[in-house]
Amino acid sequence: MPTKILVLTHRNFSHLFYEVMDIMKLPIKLKVEEVGFGEINKYIDSNKLLNYDLVITSGAHLEVIKRDFNELTYSIPIYPFQFSESDLVKSIAKAKKYSNKIVLMYYGQNKYELKKYEKLLDVKLDDLSFEDLDDAEKSLREYKKMGFNVVIGTSSICELAEDIGLDNILIYSTELIKIELMKAYQLATTYNKVVKHSKLKEIMFKQMSDPVFLLDASGMVLDVNRTGVGYSQKNFKHEIIGKNIDSLLGKTIYDLQNENKEDETDEVLHPLYINSKINCYLLIKKNSAISPVIKEFKDSYTSKNKSKYSFEDIIHQSTIMKKLITRTKQYSRSDAPILIYGESGTGKELFAHSIHNNSQRKDKPFLPVNCSAIPQSILESELFGYEEGAFTGAKKGGKPGMFEIAQNGTIFLDEISEIPLDIQTKLLRVLQEKEVIRLGGKKIIPLDVRIITATNKLLIKQVEEGSFREDLYYRINVLQLNVPSLRERSQDIPLIFKYLLQKNGLSPEQAIYLSEFGHESIVSYQWQGNIREIENFVVRLTALTSLSTTTYDLANCFTDVFLEFLQSKRQDQQVSIVDELKISDSLQRSASERKKIIDALKQAQSNKLEAAKILGISRTTLWRRMNEFNLDLILYD
């Protein structure tokens, strides 16, 4: 199977990779994405990138990935394509053929001492760095005036130099690409082997429902899966690792070897060989009663206890959300508790569902619990369960709690800040000891449950006020996510708005039109209720429209409903009069300008050149404004 490698580079550079691939004949499936300077954020899609074994990039692209998407490097190797000092010297020798006054320019800080080559090569050399293309262009124009007629640089600089009228030499050569591509290929194949072995162990130790023990040649436990921990009636791995298997099963490694020879099916011992010698054993306990609670609920998983959403359901295009999702995917692989912060309506539960769906527990129960929606009088029994006769009205035979139902899966405690102090104490014990005792019961039930909590309040402030236990706070706040408000991700608002319009019955064309028509208004408004508030507005808007509504009527309807929406929010003191007037003026300007364009087009019988003359603007400006208002969808009478 060929190694899949993605190259993120500039268009003036991409062809060199394909040329080298034709020469080298490596078992590589190469894909080159041409990405403009400063546009790498648009291409960062973790789902897409994880389809490759390795990503090659350089310069500004590399710096953005390291700065903003560092978590991505834990999932896929990012190979930094870099040139050396010798590559620069070779480029200087080539550039001298055009002029002896040479500018060397590349992204980032200068790190090469090249002045020593001026006398050796008889050239005048200025070594520059740049942070953005505007500065680079300004510098190159100044150097051109000073008589520097040739530039050495990366692909984006060479393109810029060509536009200015300067000769240019690309630093990267086919020889350099050969060497770097071979290194990248070797890294990708090595990484692949490690990942495959790691995934094999994950499957054996996390996904198998039977207890699995990894033993050395003498029978000492090297590792154990979660089910094996429960089977051994222990709470943690460290209580088992390092002990001999006979202390857990009452059988030595030799007993197990002999049983295998006699075709005993109860316990299966697989020898693992390295260099033709048995290095260790994999012991699988088959058809075992793992623990009372696992047996009790083994067949009780229903569709209502499955997660509904995944990361693909999170609508976004902003860098802040891309970074958050990349980090969250990393966290989903861990079993450590996660605390999710975020204002009301930001989508905290959506993240919790996605974490579970991206974890090794995805086929196990996912149980969301809104702690503020359950009366405090019954919250304890709902969380931890109860035995028959525990209190008046208790069910015959008792009832399992939510922690028990979530066994081997994930429990999501939303609004964790609303749990009263006495129940916080019991919750802390469950998290510390990984076990639960039902109300009125004595039997200890071992638990294997991933904990995700969420809140829209500052828990540390509640700790200071004494309304939230400090020890519980640090127990649940091992990994932390902060879901941004819409005010912090305004770039996503039109995308979310368009999606909700279609979800509520409008056609794609109508949704696109309204999101463009109302763009300034919906982005300017402070959505205090975040996505939930946008959805309320969309439901109100779509209740007054239909697929037969014309774009003209859609614009009027949007304006009326939005102003009405603003008015109701001002009455609730959620939006100021200043904000209302600002957005209202924006709406009125958009509606007025749109009407003028429609009138001019009708008067000119849809002739755009004539319509532009009537409006006193250029045809290009008219075309741009028609695009903004999506007016090409209108049929003029």
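I count two strands as paired if DSSP finds at least two bridges between them. Helices (H or I, at least four residues) and strands (E, at least two) are DSSP runs, numbered from the N terminus.

**Entry 1: the model.** I am working from a predicted model, in which local features need pLDDT of at least 70 and side-chain atom pairs count only at pLDDT 80 or more, while totals for chains, interfaces and linings use all residues. Residues are numbered from 1 along each chain as its sequence is written, and side-chain values use heavy atoms, with hydrogens and water left out.

**Entry 2: the chain as a whole.** I looked up the totals. The protein chain holds 27 helices and 21 strands. Of its 637 residues, 48% are buried (under 20% relative accessible area; exposed is over 50%, partly exposed in between, with a 1.4 Å probe and protein chains only). I then took the contacts (heavy atoms within 4.5 Å) with a separation of 6 or more: residues 24 or more positions apart account for 67% of them.

Entry 3: I traced an open sheet of five strands with parallel pairing, in the order 14-17-20-13-21. Strand 14 (366-370) and strand 21 (479-482) are the edges; each has a single partner strand, so one side of each lacks a neighbour in the sheet. Neighbouring strands here are turned by 15 degrees against each other on average, direction ignored. For such angles, axes are lines fitted to C-alpha atoms, for helices over the stretch in contact, and values run from 0 to 180 degrees between N-to-C directions.

I checked one pair in detail. Four bridges link strand 13 (residues 338-341) with strand 21 in the parallel sense. Opposite Ile338 I find Leu479 of strand 21.

Entry 4: I found another open sheet, with four parallel-paired strands in the order 2-1-3-4. Its edges are strand 2 (28-34) and strand 4 (78-80), each pairing on one side only. Strand 3 (residues 54-57) runs parallel to strand 4 and is joined to strand 4 by three bridges. Ile56 has Tyr79 of strand 4 opposite.

**Entry 5: helix 6 against helix 7.** I looked up how helix 6 (residues 133-145) packs on helix 7 (residues 155-164): the angle is about 50 degrees and the axes are 10 Å apart. Helix 6 is therefore oblique to helix 7 (under 35 degrees counts as roughly parallel, over 145 as roughly antiparallel, 65 to 115 as roughly perpendicular, and the rest as oblique).

I listed the contact residues. Helix 6 supplies Leu133, Ala136, Glu137, Leu140, Arg141 and Lys144, and helix 7 supplies Ser156, Ile157, Leu160, Ala161 and Ile164. By class, the contact has seven nonpolar residues, one polar and three charged. Nonpolar covers Ala, Val, Leu, Ile, Met, Phe, Trp, Tyr, Cys and Pro, charged covers Asp, Glu, Lys and Arg, and the others, Gly among them, are polar.

**Entry 6: positive phi.** Most residues other than glycine have a negative phi. I noted Glu415, not a glycine, with a positive phi of about 55 degrees. Glu415 sits in the loop between strand 17 (410-414) and helix 17 (421-433). Glu415 is buried, at a relative accessible area of 16%.

I also noted Gln605, whose phi is positive and near 55 degrees. Gln605 lies in the loop between helix 25 (577-603) and helix 26 (608-615). Gln605 counts as exposed, at 73% relative accessibility.
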